Amino acid sequence: DGASPLCQTLSNQCPNDCSSQGHCKFQNRNNGLYLNECKITSTDCVAKCECFDGFAGSACHLRLSEINSKMVYREKLLENLLNNTKSNISDYSVISLTLSLSSVCLRTNEISTRSFLLALNS
């Protein structure tokens, strides 16, 4: 019939639709302001879950008690890691410490303020 199909740019989506435990919000990457829409082609915005009370994580998939347990675990990992590397400083240990810190701190929503400060001051 000669008619061309209508193309639409899709909107960004939150991970796992926030696990039905939160609302998907669009946020400007530059200024943090919330937006009404965020197309997948846009580099200026991101879709983020705003979790209901009692839930956390990038997809609101964890209960706060789980996040708190993970924070305590990561804090202990950081403490032990930093205590074990203070006495032995070599090129290899600096590289190893950097990789270990990166791995332990990868999930920022599972890092307590104390853990962040430990890693920052290492």
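A disulfide is here a pair of cysteine sulfur atoms within 2.5 Å. The structure is a predicted model, in which local features need pLDDT of at least 70 and side-chain atom pairs count only at pLDDT 80 or more, while totals for chains, interfaces and linings use all residues. Residues are numbered from 1 along each chain as its sequence is written, and side-chain values use heavy atoms, with hydrogens and water left out.

The whole structure contains four disulfides. Counted along the chain, the bonded cysteines pair in the pattern 1-3, 2-6, 4-5, 7-8.

| Disulfide | S to S | Angle about S-S bond | Handedness |
|---|---|---|---|
| C18 and C49 | 2.2 Å | -100 degrees | left-handed |
| C38 and C45 | 2.0 Å | 95 degrees | right-handed |

C14 lies in the segment before β1 (22-28) and C24 in strand β1, so their link ties together parts that are 10 residues apart in sequence. Strands are DSSP runs of E of at least two residues and helices runs of H or I of at least four, numbered from the N terminus.

Burial is judged by relative accessible area: buried is under 20%, exposed over 50% and partly exposed in between (1.4 Å probe, protein chains only). C14 is buried at 8%, whereas C24 is partly exposed at 30%. C18 is buried at 0%, and C49 is buried at 17%. C38 is buried at 1%, as is C45 at 4%.

R74 belongs to helix α1 (residues 64-85) and is buried, with 14% relative accessibility.
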